[in-house]
Amino acid sequence: MRQYLRLMLLVIAVISISGCGYNAIQQKDEAVKAGWSEVLNQYKRRADLIPNLVNTVQGYAQQERQVLTEVTNARAKVGQIQVNADDADSLKQFQQAQGELGSALSRLLVVSENYPTLKSDQNFRDLQAQLEGTENRITVARGRYIQLVQDYNTYIRSFPQVITAKMFGYAAKPNFTVDNEAQIAQPPAVNFGTQPATPQQTPPQPAPAQ
């Protein structure tokens with residue numbers, strides 16, 4: 001018991017002399033939490049734009065049901081995930097679902113190329129710009145979060161902060177692996193109430209002469 005007390009006194013003495021870093025750990029931990037909140041906000045912004053996108057494309061291309069269903073299902077899967085950013089498996093599952101949603105949106109954009117009337121719709125173009133901006137914000141927010149986690153992890157693993165971190169239960173945080181998430185090459189856009197139009201495909205051929 002006495003040896004344990006002596007060890008604790010020694011640890012306290014070392015921390016007192018070197019600076020325990022407790023306050024800095026709190027600041028960095030709060031910065032990581034704030035960065036994560038911004039990541040979630042931007043992903044939510046993208047998810048909120050999708051229903052209008054699906055409705056618009058459906059109005060012009062009802063026969064593209066498979067692609068539309070893929071987008072809808074991918075969005076629903078994202079919404080069902082209760083992510084814990086401090087858990088590596090939970091963060092990986094969240095990132096995978098977001099990547100699947102991004103891939104589904106990309107396929108939907110490819111389909112839209114077959115419908116000139118849809119591409120020329122002003123509402124479609126406007127929301128396409130909004131989604132492009134959202135993708136950029138996601139990239140920025142995620143990049144900042146990666147840096148914040150790296151800074152936090154490096155700090156709590158350094159001496160003497162590592163002693164303080166272990167004493168108060170602060171562990172290294174998992175981080176994004178950006179290479180695993182599919183990126184949308186060209187964001188989509190949405191219609192807020194235009195009337196459905198006839199799908200524009202190949203122009204009709206004249207009837208053969210009798």
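Tutor: H2 supplies the largest share of the lining of the largest pocket, four residues; helices are DSSP runs (H or I, at least four residues) numbered from the N terminus. This is a predicted model, in which local features need pLDDT of at least 70 and side-chain atom pairs pLDDT 80 or more, while totals for chains, interfaces and linings use all residues. Residues are numbered from 1 along each chain, and side-chain values use heavy atoms, without hydrogens and water.

At least two lining residues come from each of H2, helix H3 (65–80) and helix H4 (88–112). Among the lining residues are Leu40, Tyr43, Arg75, Val78 and Phe94. By class, the lining has seven nonpolar, two polar and two charged residues, where Ala, Val, Leu, Ile, Met, Phe, Trp, Tyr, Cys and Pro count as nonpolar, Asp, Glu, Lys and Arg as charged, and the others, Gly among them, as polar.

The axes of H3 and H4, lines fitted to C-alpha atoms over the stretch in contact, come within 9 Å and cross at roughly 160°, with angles running from 0 to 180 degrees between N-to-C directions. H3 and H4 are therefore roughly antiparallel (over 145 degrees). Their contact (heavy atoms within 4.5 Å) includes Arg75 and Val78 of H3 and Gln98 of H4. Eleven nonpolar, one polar and five charged residues make up this contact of H3 with H4.

H2 (residues 22–60) also packs with helix H6 (residues 122–156), at an angle of about 160° and with axes 8 Å apart. H2 and H6 are therefore roughly antiparallel to each other as well.

Notes
Parallel < 35°, antiparallel > 145°, perpendicular 65-115°, else oblique. 1 Å grid on protein atoms, 1.4 Å probe; cavity = no way out; pocket = protein on both sides within 12 Å on 5 of 7 lines; lining within 4 Å.
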